[in-house]
Every structure is written in C-alpha cells, then in structure tokens.
Amino acid sequence: MMATKSIRAEFLKGLWDENPVFRQLLGMCPTLAVTGTVITGLAMGLATTFVLILSSLVVSSIKKLIPPQVRIASYIVVIASFVTIADQFLKAYFYPLSKALGPYVPLIVVNCIILGRQEAFASRNSVGRSFIDALGMSTGFILALLMLGTIREILGAGTFLGYRVMGTWFKPWIIMILPAGAFITLGTLLGIAIAIERKAKRR
Amino acid sequence: MSLSSRMILVLTAVGLITGGFLAGVAKLTKERITLNIQAEIERAIKAVVDEAEVSKVLYRGEGLVIYREMDAKGQIAGFAVQATGIGFQDKITLMFGLNETLTKITGLTIIEQKETPGLGAKIMDWETFLQFWKNRDATGELSLRKPPVRTPDELLSTEINTITAATISSKKVLALVNLSLQKVRELIKDKMITIEGDDGH
C-alpha cells in the first residue's frame, strides 16, 4: 500500500523532487517557447496554475462518476474548458500579454503536466490532496519558467521585467532570446539540477 | 445501466456542462475583447494618419481593410490601410497611412508580427525602421535601400531603409505595402472605392 505523504511533503515535491520541468521534463513546449522574457514566462505559469488547480479539483470531485474507459476524454474536455476560460480572460483583460503568448495559451490543453497530474494523482486522491498537489506542481512550474525567463531576458536584452539592469557597456546576447538560447539555458539548468541531486545523494 | 449507456451519459453531461459554462464566459468577455481589438486598430490609425478623428471603412477584403479618416472639422485627414501578409516566420499585420490625395505614405506601424526577436522583430522599432516610412511616394513602387542609411533625409522618396541582418523581414513589409498600394489603385480605378465621395463598398 502506498504510504500517504504529509500535506507539506505533497506540496514540496512539486518544487524539487518531482519538479515538472527539471525532474520530469514535462511542459517543454511552453518552457522553451515563452521564456524569452520574465513577464511572458510568469503569465504562462499563472495560466497553467489556473488550469491545473481547477482541473484537479473537478477531476478529483467527479472521479467516481467517470467510467475508466472514457476518463481521458472527460479529463481533456474539462482541461480544454479551463484553458479556453484562461485564454478568453487574457484576451479580455491582458490583451498585449495574450498577443505575446500567442498560440501557447490554447496549447496548455496538451501540456503533459496537466493531463499527467489528473491521471497520476487527481483521479486517485481526495479533493484536498489534489489541490495541494496541483498547487505544488504549479509553483514548481512557475519557478522553473521564472528562472529561464530571468536568465534569458537579462542576457538576451539586458533587462528584467522590462527595466534595464545591465549597463550601457552590455551588448545583449541575441541568441538568448532565440530558440537556441532556450535550449542552452534549459540544458544548463538541467545539468545544475542533476549535479545538485547527485551531490545530495552522496551525502 | 450498461457500461455503454453510462459512458455516453457521462461524456454528454461533461460536454453539456462545460459547453454551457464556456458559452457564459464567452458572453461575458466578448464585448471587452472586441473593444481591445478596436482600440488597437484606432491606436494604429492615429499613429499613421495625423488628426484622424472619425474612421469609416471604405473597403474590407481578404487581408486588406481601407479606412477613410476625417479630422475634427469633418475634412478628409487621410486614409489608413490595414494589410496582412506572410512575413519571414508568420503573418505580419500592419497599418500605413496615406494623405488625402493618396500620393504619399504618411507613416507605418506594425500591429502584429512574429519575426525573429532581435532581428526581424526590429520592424517594430521607430529608430531602425518605422521612421523611414514617413512621407514616402505612394504613386509607384517603393524599393529597399541597401546598404541602409542613418537618416530619412538620405533616402529617395521612393526608398525604404533596410534593417541590417533582417533583409527578408524588411522585404516582406515592403512587398506587403507595394501590393496593398497596387490594390488600392485598382479599387479606385474599378470605382470600388471613391476617395472624395461618401460611400465605399
């Protein structure tokens, strides 16, 4: 029988042990595509948080009503609905941000973090635990996007949240805001994450 | 209840509930989204036609919208042309202004683009690109000036500056403007729009 984790551990696992980006390598499409600036990374992280938390709440609430044969189809419909709401909300209240994120908000529907958590967690756990799990995973995802966005924006444009932080001597590394820069940054951060993990295991 | 009936029932219920919910959300946000798009177009028009106060759509076709702009006194301030075409990576939507006789381009602004950040995306920059679109000759074809110059005074009235390391994006914008100008001339020739009259199609 699976041991039940404490609420704190349930939340914290998303930040490091099961971090969706650095440990599970899930949600790579938005991670690479929208982290050219901090603000787009943060907006994507918050939109994903909204969808993940609400989908987990709904799926964990109705899990006993859904026949296993149609569970994935049902989860996708629920997820797609929340994604559409997030997309409409951004278009209505944060129009420039919605334009900057382009097709990546609708693409949250196929983000493996969301469907993965419904299948692996929300469909097998209580509403409360599913909420904490979704909150932890979302926070881990936001932190990962913020790390990538910060590095890429500072090195690629010399700014942080649009404010200049590098002196006039600094010549932006254009490659950092191009797709290649996303792969370089992600690869470097993954390498660091693996090194930290190995060091921790040796102790 | 059989498994098949239960599956149909659950999927139908999920579809109906989420569909109804989404219809409500769409109703709540529709007006605001329309206003956002409208405001963006108005901002673009004001950026390219000085003294534009009242807009009227003269023509709306595939990838091309022509607006007639009136000033506060009710006189024609100029025309704004919104055009959409393919850029280096994805669609580019731009707006350029024409004077009241359609002989000069009064300015250009980019509404939407997904060109390469740091390179082609400089089509959005005033210093690098947009300032060179003021007072261009709109009676014939415009061409690109290469190598690029530093100030608009160094260009002929039929020339547009090239963005260093983003020649393709510069060319795509230029081609879109040339094509739109040609279409405007054809529409006038075919009497599909009239520049001084009250109504267009």
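Mentor: Two residues are in contact when heavy atoms of theirs lie within 4.5 Å of each other. Please keep in mind that this is a predicted model.

Trainee: What covers the buried residues of H8(A)?

Mentor: The cover includes helix H2 (28-33) and helix H7 (127-157) of chain A.

Trainee: Which residues of H8(A) are called buried, and what makes them so?

Mentor: They are Gly181(A), Ala182(A), Thr185(A), Leu186(A), Leu189(A), Leu190(A), Ala193(A) and Glu197(A). The word applies because a buried residue has under 20% relative accessible area.

Trainee: How do you know that the length of helix H8 of chain A agrees with its number of residues?

Mentor: Helix H8 (residues 179-202) has 24 residues, and at 1.5 Å a residue these should span 34 Å. Its end C-alpha atoms are 35 Å apart, so the two values agree.

Trainee: Why is the pair Glu40(B) and Lys99(A) called a salt bridge?

Mentor: The closest N and O atoms of Glu40(B) and Lys99(A) are 2.3 Å apart. The limit between a Lys nitrogen and a Glu carboxyl oxygen is 4 Å, so the pair qualifies as a salt bridge. The count between chain B and chain A is 1 salt bridge.

Trainee: Which element gives the largest share of the side of chain B that touches chain A?

Mentor: H1(B) does, with 17 residues. That side of chain B divides into 13 nonpolar, 5 polar and 4 charged residues.

Trainee: How much area do chain B and chain A bury between them?

Mentor: They bury about 2,100 Å², 73% of it on carbon and sulfur atoms.

How values were computed: Residues are numbered from 1 along each chain as its sequence is written. Chains are lettered from A and ligands numbered from 1 in the order in which they are written. This is a predicted model: local features need pLDDT of at least 70, side-chain atom pairs count only at pLDDT 80 or more; totals for chains, interfaces and linings use all residues. Side-chain values use heavy atoms; hydrogens and water are left out. Buried area is the accessible area (1.4 Å probe) that two parts lose on being put together, summed over both. A salt bridge is a side-chain nitrogen of Lys or Arg within 4 Å of a carboxyl oxygen of Asp or Glu. Helices (H or I, at least four residues) and strands (E, at least two) are DSSP runs, numbered from the N terminus. Ala, Val, Leu, Ile, Met, Phe, Trp, Tyr, Cys and Pro count as nonpolar, Asp, Glu, Lys and Arg as charged, and the others, Gly among them, as polar. The expected span of a helix is 1.5 Å times one less than its number of residues. Buried means under 20% relative accessible area, exposed over 50%, partly exposed in between (1.4 Å probe, protein chains only).
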